[in-house]
Amino acid sequence: MSGSAFPRSAEGAMGQGYARHSRVQHRAGDFGLPLLQRAVDAVVLPEDGTPFRVADLGAAAGSNSLDPMRAVVDGIRGRTGEDTPVTVVHTDIPANDFNALLATIMDTPGSYAKLPEVFAQAEARSFYEPLFPAAELHLAWSAIAVHWLSRVPGPIPGHIYCSRATGSARRALKEQSRSDWETFLAHRARELRSGGQLVVLGGAAADDGSSGADGLMDTAEAVLADVVRQGLITPAEYARMTIPTWNRTREEFLAPLREGPLAQALRVEEYDLVVLPDLLLDRLRETGDVKGFAEQVTAFFQAAFQPSLFSVLDPGRAPGEADAVAEAFAVGMRSRVAADPEAVETHWHVVPLRLARV
């Protein structure tokens, strides 16, 4: 087989325009802000004027980090009554667009980074690796990122999406997710100081494994099959296309925190399972703008998932071929979505989780 083989590293970088087409992720983040505020109220504060250290894990383009980090800075300073120094480190994988991230953080009017004695930084490393020295962090925040896997254990026969996996493919994805989640928690337990707080807003699934985006993914898979029939994607490339995610159930999030070393280091303070509204479909029902709806759904999908799917295209393709594939996919996606908007109704599931370092 040419191109990437399995298992392979996951390609979870966001595509161009992610900041403009991440309204769903921003809406999900709203459900985490109350937990973040309670974390700020509960966290043990630094002493002797030392900086308060925050990690923003999986920052992507930074557009959905502005409100949470502003809430942290304001909340900490509200507790101390002074301009306590705050250092915020935004992390993501090396393939992330850090130029866009830093431009968003530093140049957006009203950004938290413009406040006095606030220091914004970035680190290009996966959160499945160590990111900070032991006991350095007071607070860590991660929003709609931990569903991305560190590696793809194998293809999903006949589909691109985890909830449609069956048999050994499903078991492999679930095991990879379990290992990744335990690794993530172990690193954060080491990096947080005693009394520190960890808030995670995780892409999730219902108990039956459905994520609420299954219809959207079925439509995208059908479009890719059309592009194969057009001869723009080879069957071998198509067979390798996998979105490297696993949406955990609430029990999968909590299982490693019930007993063992992680349970001794991290205490569960609160959790929930939230089902998000379909903002784009709600807007369509108000306006009747089917074309606009199809454009928005396609742009969202391309920004969030297309880089992962197209990372397995054969590297020897002629210049411009990848662009032709992307254009054919966009045309097909817009057409299918416009023809049956209800088929892509999407209600993402999210688990808001707040943990305390013992």
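Tutor: Asp 282 counts as partly exposed, because its relative accessibility is 32% (buried means under 20% relative accessible area, exposed over 50%, and partly exposed in between, with a 1.4 Å probe and protein chains only). The model is predicted, so local features need pLDDT of at least 70 and side-chain atom pairs count only at pLDDT 80 or more, while totals for chains, interfaces and linings use all residues. Residues are numbered from 1 along each chain as its sequence is written, and side-chain values use heavy atoms, with hydrogens and water left out.

Asp 282 belongs to helix α9, residues 279–287 (helices, H or I with at least four residues, and strands, E with at least two, are DSSP runs numbered from the N terminus). Between Asp 282 and Glu 345 there are 9.5 Å in space, C-alpha to C-alpha, although they are 63 residues apart in sequence.

Now to the helix pair. Helix α5 (residues 214–229) packs against helix α10 (residues 290–310) at an angle of about 65 degrees, and their axes are 12 Å apart. Axes here are lines fitted to C-alpha atoms, for helices over the stretch in contact, and angles run from 0 to 180 degrees between N-to-C directions. On the α5 side, the contact (heavy atoms within 4.5 Å) is made by Leu 216, Met 217, Ala 220 and Leu 224. The α10 side supplies Val 297, Phe 300, Phe 301, Phe 305, Leu 309 and Phe 310. By class, that contact has ten nonpolar residues, no polar and no charged ones (Ala, Val, Leu, Ile, Met, Phe, Trp, Tyr, Cys and Pro count as nonpolar, Asp, Glu, Lys and Arg as charged, and the others, Gly among them, as polar).

Several of these residues also take part in ring pairs. The structure holds eleven aromatic pairs (rings of Phe, Tyr and Trp, the last by its six-membered ring, with centres within 6.5 Å; planes under 30 degrees apart are stacked, over 60 edge-to-face, the rest tilted). One of them joins Phe 305 and Trp 348: the pair is tilted, 6.4 Å centre to centre with 35 degrees between the planes. Phe 305 lies in helix α10 and Trp 348 in the loop between α11 (321–339) and β10 (349–357), so this pair ties together parts 43 residues apart in sequence. Phe 305 is buried, at a relative accessible area of 5%, and Trp 348 is buried at 13%.

Another pair is Phe 310 with Phe 329, edge-to-face, with 6.2 Å between centres and 80 degrees between planes. Here Phe 310 is in helix α10 and Phe 329 in helix α11, so the parts tied together are 19 residues apart in sequence. Phe 310 is buried, with a relative accessible area of 14%; for Phe 329, also buried, the value is 1%. One aromatic cluster takes in Trp 148, Phe 300, Phe 301, Phe 305, Phe 310, Phe 329 and Trp 348.
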